[in-house]
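Subject: Handover of a structure

Hello,

Here is the structure I promised to pass on. Please open it first, then read my notes below.

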Number of protein chains: 2
Amino acid sequence: MRETELIRSLRAVRQFSDREIPNEILFDILDTGRWTGSSKNTQPWDLIVVRNRETLAALATCGQFAGHLAGAKLAIALVMRGDDAWSCMDEGRLMQNLMLAAWAHGVGSCIGSIYPADNERRAGALLGIPSNLFLRTVLSIGYPASPQALRLPANAPVPKGRRPLEEVVGWERFRERQG
Amino acid sequence: MRETELIRSLRAVRQFSDREIPNEILFDILDTGRWTGSSKNTQPWDLIVVRNRETLAALATCGQFAGHLAGAKLAIALVMRGDDAWSCMDEGRLMQNLMLAAWAHGVGSCIGSIYPADNERRAGALLGIPSNLFLRTVLSIGYPASPQALRLPANAPVPKGRRPLEEVVGWERFRERQG
């Protein structure tokens, strides 16, 4: 339905153009992240905006799937207070809000995972993050390089599309089909 | 900005009206959840729609902050394949998409946490969930009972509002202010 088209259409973008992100759009993305709901409204996060190209290139080496950070116009690091299930769930909600806010402005994004632990320490040192906090994800941000940047390459190492709704949804009980 | 108003305005709703959720809206909420991005597109989730009032009342007793489930028009249980950081982050992204999709239709929602472990076992048995899967959250869904249902009560046990943007965002480094 039209009301949810923006949310449903969100896809990861891994290739970015050089086009500047206007400041008012960057602030709107950050502000939409700031308003994310969290467990007991603890807002257990800090954000770091990274535009320095050397820092972006270094962050791109801090995870097996973080390479796209080197080509991002800027990145947003999600610094979290905890590493329990609720903290990680709050991180996911914050991430989704940031990605959707960017998408609402035609701006693409892709999650870069920072791991294992020695990479997290290295990235944390680069960004001056206290050692009692957690850096698991850095979000690449930029306008898509081209319409092709919105599609997975044919040889992508992950499955495309989504499982059908009838498989995903059970009614009243797990995987119970509708009568 | 106007483009992100829907996302920024999302608030938890804990009191629901009796008004039916039209089927096409329920399916749109579920479908928007289905399209959520996940780590390597693993889609590590199943959803269960619960409308049975006895089941809703029983689920409401399965967590300290799950009481609102008893008054929900229906609930969506998020059944996850894992309990590591990435699974919980994917759960958060899925949750946010479901909540935003409902909100886009004027439908409210609130997260109910299922814990500790004995409550998770009890809720899992109610819903027929295999013991190798995880049920941490069930989402209450319904039209808001009244405009007041959109506001936290004055004696709410959680802080209201959000930390200011200048406090949340650092520039290039953790908590570094803009020059």
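Val169(A) has Leu47(B) as its bridge partner in β1(B). That pair belongs to a link across the two chains: strand β5 of chain A (residues 169-171) is joined to β1(B) by three bridges, and the two run parallel. Strands count as paired if DSSP finds at least two bridges between them. Helices (H or I, at least four residues) and strands (E, at least two) are DSSP runs, numbered from the N terminus.

A note on the model and the numbering. This is a predicted model, in which local features need pLDDT of at least 70, side-chain atom pairs count only at pLDDT 80 or more, and totals for chains, interfaces and linings use all residues. Residues are numbered from 1 along each chain as its sequence is written, while chains are lettered from A and ligands numbered from 1 in the order in which they are written.

**The sheet**

The open sheet has five strands, in the order β3(A)-β4(A)-β2(A)-β1(A)-β5(B), and its pairing is mixed. Its edge strands are β3 (108-113) of chain A and β5 of chain B, each pairing on one side only.

Now the pairs inside chain A:
- β3(A) and β4(A) run antiparallel, with six bridges. Here Gly112(A) stands opposite Val138(A).
- β2(A) and β4(A), residues 134-142, run antiparallel, with seven bridges. Leu78(A) has Thr137(A) as its bridge partner.
- β1(A), residues 45-50, and β2(A) run antiparallel, with six bridges. Val50(A) stands opposite Ala75(A).

Strand β2(A), residues 74-80, is largely enclosed by the rest of the structure, because seven of its seven residues are buried. Buried means that 20 or more other C-beta atoms, placed from the backbone, lie within 10 Å of the residue's own. Leu74(A), Ile76(A), Leu78(A) and Met80(A) point one way; Ala75(A), Ala77(A) and Val79(A) point the other way.

**The contact between chains**

Chain A and chain B each give 57 residues to the contact. Residues are in contact if their C-beta atoms, placed from the backbone, lie within 7 Å. On the side of chain B, α4(B) gives the largest share, 13 residues.

How are the copies related? A rotation of 180° with 0.0 Å of shift along its axis superposes chain B on chain A, with RMSD 0.0 Å. The two copies are thus related as by a two-fold rotation axis. The superposition is by least squares on the C-alpha atoms of residues with pLDDT of at least 70 in both. Both copies use the same surface: 100% of the contact residues of chain B recur in chain A.

Best wishes

Terms used. Contact = placed C-beta atoms within 7 Å. Buried ≥ 20, exposed ≤ 12 C-beta atoms within 10 Å, placed from the backbone.
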